[in-house]
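Dear colleague,

I am passing on the structure below, together with some notes on what was found in it. Please read the notes with the structure open beside you.

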Amino acid sequence: MVMSDRLSQIPDSYFGKTMGQKVEHGPLPLINMAVGIPDGATPNGILECFSKALHIPENQKYVAFHGKDSFKQAIVDFYQRQYQVELDKEDEVCILYGTKNGLVNLPQCIVNPDEYVLLPNPGYTDYLAGVKLADAIPKPLALNSPDYLPEWDKIEQSVLDNTKLIYLTYPNNPTGSVATSDVFDEAIQRFNGTKTKIVHDFAYSAFGFDQKNPSILQAPNSKNVAIEVFSLSKGYNMSGFRVGFAVGNKDVIQALKKFQTHTHAGMFGALQDAATYALNHYDTFLEEQSDTFKRRRDVFEAKLSDKNIPFEPMKGGIFLWLATPKGYDGEAFVEYLLAEKSILAAPGIPFGDRGRNYVRISLALDDEQLLEAANRLQSLSYLYN
Ligand SMILES: Cc1ncc(COP(=O)(O)O)c(C=O)c1O
């Protein structure tokens with residue numbers, strides 16, 4: 001076999017396999033509720049900045065490997081303004097070529113073979129590949145309904161003792177749960193002074209419906225323990241641009257930066273300029289994004305409640321985590337939804353075995369489609385009741 005043993009033992013990426021595939025569905029027009037990004041366009045100002053930046057000769061060449069000063073300054077200013085967190089732009093900031101890239105490479109940067117990495121279950125699918133590429137050992141961090149928060153006391157001390165890295169992500173994909181600052185305070189306190197580091201994946205930072213989502217770096221002593229990974233993909237509708245950054249613990253940041261000097265030759269300068277412009281000018285846009293999804297959440301949840309269809313309360317992010325009716329696991333229910341209601345949802349199982357009896361429903365649809373989807377789901381209430 002040509003493929004290495006290491007790569008062969010990693011399961012295929014569920015979304016890599018299914019994205020863009022032709023979908024067979026029933027007679028109704030298809031409603032795609034499996035999408036993982038907000039439905040809006042990148043704001044015009046960012047596009048204009050990007051297109052002008054293409055013409056700047058400096059941007060057509062290699063740039064400083066670790067990022068332009070202006071981009072790093074915008075990151076520092078953004079964290080100060082949004083979270084009152086101070087960052088050192090040389091030691092505590094690492095630009096990322098899409099956060100998926102940083103999240104998957106991180107274990108190779110700081111975890112040794114046979115050390116443990118705790119992965120939320122249910123949780124974002126891509127972390128696992130990173131753990132396996134580092135020859136490290138994934139261990140489940142069980143998250144329970146309805147809040148899906150870590151319960152550290154339930155993990156054996158012998159597991160914690162050999163854990164080098166923990167992934168957290170709030171607002172949570174796939175469950176729609178959020179963390180309060182107490183959750184982060186407790187996590188930091190628990191692991192301060194140990195060998196365990198925490199990465200908080202803040203991909204859906206903008207989307208908090210009942211409170212503004214806290215940054216893990218607001219917790220006391222957080223920089224001893226944690227980094228936070230911030231994506232421009234969802235908040236700014238810039239998923240195609242592939243840009244984000246990591247901030248926090250300087251040893252972890254240094255390791256990530258070293259890795260990147262060997263795997264990248266600097267981020268396209270025009271992309272950095274566009275990201276800088278976004279961070280400096282679109283705070284209000286982030287709030288509007290959250291308001292849009294909050295409104296959708298309210299309408300959608302009211303429709304489900306109306307027919308006694310059970311769901312996990314969605315407090316942030318863009319996904320609703322829906323339990324399957326009796327007799328269906330997530331995959332069977334996805335097939336049923338497609339055949340009977342022409343709704344495409346994501347099954348819960350790629351998010352871990354605790355997702356087996358759930359489907360993930362994205363609210364990244366316009367109001368009309370969302371209402372139609374809610375009506376179609378309402379007509380299935382007999383399956384639940
Ligand atoms: C929880 C989570 N983290 C990270 C990512 C990666 O985002 P990006 O690489 O576009 O920054 C995603 C994308 O869907 C996500 O859902």
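N192 is partly exposed, at a relative accessible area of 29%, where buried means under 20% relative accessible area, exposed over 50%, and partly exposed in between, with a 1.4 Å probe and protein chains only. Please note that this is a predicted model, in which local features need pLDDT of at least 70 and side-chain atom pairs count only at pLDDT 80 or more, while totals for chains, interfaces and linings use all residues. Residues are numbered from 1 along each chain as its sequence is written, and side-chain values use heavy atoms, with hydrogens and water left out.

N192 sits in the loop that runs between helix 8 (181-191) and strand 6 (197-201); helices (H or I, at least four residues) and strands (E, at least two) are DSSP runs, numbered from the N terminus. Apart from neighbours within four places in sequence, N192 is in contact (heavy atoms within 4.5 Å) with N221, N224 and V225. Although 30 residues separate N192 from S222 in sequence, their C-alpha atoms are 8.0 Å apart in space.

Leaving aside neighbours within four places in sequence, T42 is in contact with L47, Y236, N237, M238 and F241.

As for the cysteines, C94 is buried at 1% relative accessibility, and C49 is also buried, with a relative accessible area of 18%.

Best wishes
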